[in-house]
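Here is a short walk through one protein model. Keep the sequence and the structure side by side as you read.

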Amino acid sequence: MIVLVKTTLIDIDENNEEKLQKHGLTIEQIKKFFQSNPSYRRDDVHSKDEERFMAFGPFEEGFMFVAFTYRLKGKKLYYRPISARMARAKEIRKLYESIKS
């Protein structure tokens with residue numbers, strides 16, 4: 001069983017900052033989203049080289065997805081966002097259908 005750990009720390013540096021913003025979201029929006037108590041689930045499709053997870057939920061005027069992994073720095077656990085964007089209606093329906101089954 002996978003246990004997701006919530007943290008308030010977010011690891012964003014120059015290596016992933018530009019990539020995270022390519023879908024029109026700011027770093028501050030992504031940080032705020034993690035603080036908004038989103039839902040989480042493991043991303044089995046993309047967990048080949050490292051365990052990846054999805055955070056998702058309503059945010060501002062829509063529904064946000066954030067793909068992330070965890071990073072341990074010293075003794076502190078961080079979210080390490082990989083990608084973040086607002087979801088389309090079809091993706092939201094598909095996600096909730098997969099949760100129901």
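Contact here means heavy atoms within 4.5 Å. With neighbours within four places in sequence left aside, Asp43 is in contact with Arg52, Phe53 and Met54. Asp43 sits in the loop between strand 1 (39-42) and strand 2 (53-59); strands are DSSP E runs of at least two residues, helices H or I runs of at least four, both numbered from the N terminus.

This is a predicted model, in which local features need pLDDT of at least 70 and side-chain atom pairs count only at pLDDT 80 or more, while totals for chains, interfaces and linings use all residues. Residues are numbered from 1 along each chain as its sequence is written, and side-chain values use heavy atoms, with hydrogens and water left out. The pLDDT, the predictor's confidence in each residue from 0 to 100, averages 85 for the protein.

Now follow strand 2. Of its 7 residues, 5 are buried, that is, under 20% relative accessible area with a 1.4 Å probe, protein chains only. Strand 2 runs antiparallel to strand 1, joined by 4 bridges. Arg41 stands opposite Met54 there. On to strand 3: strand 2 pairs with strand 3 in the antiparallel sense over 7 bridges; pairing takes at least two DSSP bridges. Ala55 stands opposite Val66 in strand 3. The two strands form a hairpin with 2 residues between them, and Glu60 in the turn has a positive phi of about 50°.

Notes: Buried < 20%, exposed > 50% of the residue type's maximum accessible area, 1.4 Å probe, protein only.
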